[in-house]
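May I ask you to keep the sequence and the structure in view while I speak.

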Amino acid sequence: MASAPALKRTDSVIDNMPDALRQSRYHMKRCFAKYLEKGRRIMKHHHLMEEMELVIDDKSERNQVLEGILGFILSSTQEAVADPPYVAFAIRPNPGVWEFVKVSSEDLSVEAITPTDFLKFKERVTDEKWATDENSFEADFGAFDFQIPQLTLSSSIGNGLQFTSKFLTSKITGKLEKTQAIVDYLLTLNHQGEKLMINESLNSAAKLQMALVVADAFLSALPKDTAYQNFELRFKEWGFERGWGDTAERVKETMRTLSEVLQAPDPVNLEKFLSRLPIIFNVAIFSVHGYFGQADVLGLPDTGGQIVYILDQVKSLEAELLLRIKQQGLNVKPQILVVTRLIPDARGTKCHQELEPINDTKHSHILRVPFQTDKGILHQWVSRFDIYPYLERFTQDATTKILEFMEGKPDLVIGNYTDGNLVASLMARKLGITQGIIAHALEKTKYEDSDVKWKELDPKYHFSCQFMADTVAMNATDFIITSTYQEIAGSKDRPGQYESHAAFTLPGLCRVVSGINVFDPKFNIAAPGADQSVYFPYTEKEKRLTQFQPAIEDLLFSKVDNNEHIGYLADRRKPIIFSMARLDVVKNLSGLVEWFGKNKRLRNLVNLVIVGGFFDPSKSKDREEMAEIKKMHDLIDKYQLKGQFRWIAAQTNRYRNGELYRCIADTRGAFVQPALYEAFGLTVIEAMNCGLPTFATNQGGPAEIIVDGVSGFHIDPLNGDESSKKISDFFEKCKMDPSQWNVISAAGLQRINECYTWKIYANKMVNMGNIYTFWRQVNKEQKEAKQRYIQMFYNLIFKNLVKTVPVPIDEPQQAVTKQ
Ligand code: UDP
Ligand code: LCN
């Protein structure tokens, strides 16, 4: 397929399709007959290809067809719907770009159709009545975005900040008066009522411009390090307030940047100036579900990387805010609150405590607020899939607590995952503050046809609530932070997580004809890092956490089974391949065990150690985890893994885990991340930070983190034989030439330091907070109109869906501890 000619940039697939079909008319007629012989159905790309192979059994004839334009069109088709006499195609020639056509099998005529028409084709497969009802409910969030500029290049998706600065620049370019929006904005800035930047005496662009010239001349005569306090009074007389800088040099730099913007606006200076403004002091971060704690929670159901990410994010964000506030010449303490649910039944964790300071920060806390039902406080953990009935009340209670704790409104609210994002949207709307959202992972792409099959999946997953909540949050938010490009717009072959919300349908409930546009400039990529004081290279001997080594030695090599580990490693001279994850189906740890079990060569070369879950299914409360535990035991028996495989229960101490990765590196082993799909994959960057060569899934974030064959390796989770062969080949190569291992280890570290650190992240995040706050102001009216629509959608659709989610009958188990 790789040799199929790409269309010219200006070409539309649809324009080329009639010609392409004409060229292979005989074969195509037979193909379409095949596609339609089973009646109405949804077909994926691989079905189209497989069935074509059946029809055109001569390989060279098939290749001829596939090498033409038709091959390109078919290979760009994500899905098709057979609905005799038509086949409707959803074609994706580039990330984020979709075209829809229907082809008649009778005369191979091609007609362009709208996304709505295509969704109707899909609906007819499961719910014909709904599909043909002219008044079925349609949601069109794009209808409100006609004034918002959109990116046009797939390659620019995720660079929202730069694009927004360019667009803002164009709005203020021309006569000086056009920059009045900046002046008006500066006049609104204050901290707890104390004015910042300028006061009313500089209320026009012309006055401000003049005053900047005078101030510049004055500052040029001062030593660079003169503190702001030394000239504060004089500046006040001229109309300037605090916030420009802490020293004469910094103040001058900020003023010059603004002068440049007023003279001739350009995006670089505008972004620089806006990023320097004192806007963000207090931040509320919502992460509602799970057990959110700093100790003893990792590896529990629903409690994984999101927690790690947020705690590390808070540390880096606080450091960035402290630095900026100091540079702004202010004496303000930033406050960051991570707001989560309080779980009275805390199971040995601190999740029943209301307030907990965050380690290694000065001013940041976890604030826990309980879920309330009609019967009082809910005591038990609830799965993220069942969380919807509590969120509205939680938002109200949390908002009250936050306002109390911060003694005012936060300047920025950040949501995490569906539940946190919805709560953040509700609070941001109520308080009128800037909002950002983070998904970590959207569920929609994890399950095939999860939209059309929603009725089947709803009892278990309540996807109707989830997809609606996600759509509300994506549209309400001012900006979206993603970890990778693929999270937004996927790869050449696979749509992104956000992209899958562009147009989807829940037959019988709602047809979302325009859910989110991945070309919207609200999307920004800011990849997380791993805490480098925990995850550092195995070679840094003096830093190694030797106190954990005896316990790790026992964890890996002791011969007895106990509560923490089962299985043993008979030959401890072999390198270890290692994996660690929650025991979810999608993490595919059982898949890795199976690949290992089947591959004799690999079993001869290495041992396998995995960390995840419990050994006793009755100890788990999570549906998927229970099934995975059983599967693991079956595989151990089936492949007789004793002596070559160690299964360690979920580990909660990240410091010890850091040392564990390094101990695996000491065996010259590797980390393997075999997930069927991984949104980002923190374990991948943790392992690479420790200098452990890493093999990770090509489905999702890791495909972007690792450059295949250079800084690690990609593996295909759906092709276990090929993946285990790739791992075996590497270890065989290392056996012959041990330096091969060092090369990959070093390149992995280099990749991390160049692209995946928290410092890079925090800088981008604060810039986003600043720039989108200004954009919100400039775009106020349109934002308000859209909010009205979102609110209606929330009230009329979402709130009814929530009523379908059962609320558990709760046994009180423990009192709430207040601190
Ligand atoms: N983790 C852990 N103990 C376990 C399993 C996982 O400490 O038993 C940690 C792991 O080190 C990583 C996080 O949990 O920091 C998992 O993040 P990742 O992004 O890999 O996956 P997620 O669980 O968020 O889907
Ligand atoms: C959730 C996931 O599934 C992971 O892929 C991410 O690494 C983690 O959150 C942190 O963002």
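The structure is a predicted model, in which local features need pLDDT of at least 70 and side-chain atom pairs count only at pLDDT 80 or more, while totals for chains, interfaces and linings use all residues. Residues are numbered from 1 along each chain as its sequence is written, chains are lettered from A and ligands numbered from 1 in the order in which they are written, and side-chain values use heavy atoms, with hydrogens and water left out.

Let me begin with the domains. The protein is divided into domain 1 (13-113), domain 2 (174-264), domain 3 (282-529 + 765-803) and domain 4 (541-756); these bounds come from an automatic or database domain assignment. The centres of domain 1 and domain 3, taken over C-alpha atoms, are separated by 40 Å. Nine residues from domain 1 and 15 residues from domain 3 take part in the contact, where contact means heavy atoms within 4.5 Å. Between them, domain 1 and domain 3 bury about 860 Å², 50% of it on carbon and sulfur atoms. Buried area here is the accessible area (1.4 Å probe) that two parts lose on being put together, summed over both.

Helices (H or I, at least four residues) and strands (E, at least two) are DSSP runs, numbered from the N terminus. UniProt places "domain: Sucrose synthase first GT-B" at residues 269-557; over residues 269-557 the chain is 34% helix and 18% strand, with end C-alpha atoms 58 Å apart. For residues 570-733, UniProt lists "domain: Glycosyl transferase family", and over residues 570-733 the figures are 43% helix and 15% strand, with 23 Å between the end C-alpha atoms.

I turn now to helix α23, residues 623-638. How far apart are the end C-alpha atoms of α23? They are 23 Å apart, which agrees with the 22 Å that its 16 residues should span at 1.5 Å a residue. The expected span is 1.5 Å times one less than the number of residues.

Which residues of α23 are buried? They are E624, E625, E628, I629, M632, L635 and I636. Seen down the axis of α23, these buried residues fall within an arc of 135 degrees, so they line one face of the helix. The arc is that of the directions from the helix axis to the C-beta atoms, and buried means under 20% relative accessible area, exposed over 50%, partly exposed in between (1.4 Å probe, protein chains only). An α-helix has 3.6 residues a turn, so residues three or four places apart point the same way. The face of α23 turned away from its buried side carries the exposed residues D637 and K638. Among the partners of the buried residues of α23 are α17 (454-461), α21 (589-598) and β24 (645-648).

Helix α17 can be described in a similar manner. In α17, W454, L457, D458 and Y461 are buried. They cover an arc of only 120 degrees around the axis, which puts them on the same side of α17. The exposed residues E456 and P459 are on the face turned away from that buried side. The buried residues of α17 pack against α18 (463-476), β18 (504-506) and α23.

Some backbone angles also deserve attention. Most residues other than glycine have a negative phi, and most peptide bonds are trans. H462, in the loop between α17 and α18, has a positive phi near 50 degrees. H462 is buried, with a relative accessible area of 5%. N588 has a positive phi near 60 degrees, and N588 is buried too, at 8%. Between P84 and P85 there is a cis peptide bond, with omega of about 5 degrees; P85 lies in the loop between β2 (77-83) and β3 (86-94).

Is P278 buried or exposed? P278 is buried, with a relative accessible area of 2%. Leaving aside residues up to four places away in sequence, P278 touches L196, M197, G243, Q328 and L330. The C-alpha atoms of P278 and L330 are separated by 8.6 Å, although the two are 52 residues apart along the chain.

Terms used:
UniProt positions are given in the numbering used here, feature names are shortened, and annotations may be inferred rather than shown by experiment.
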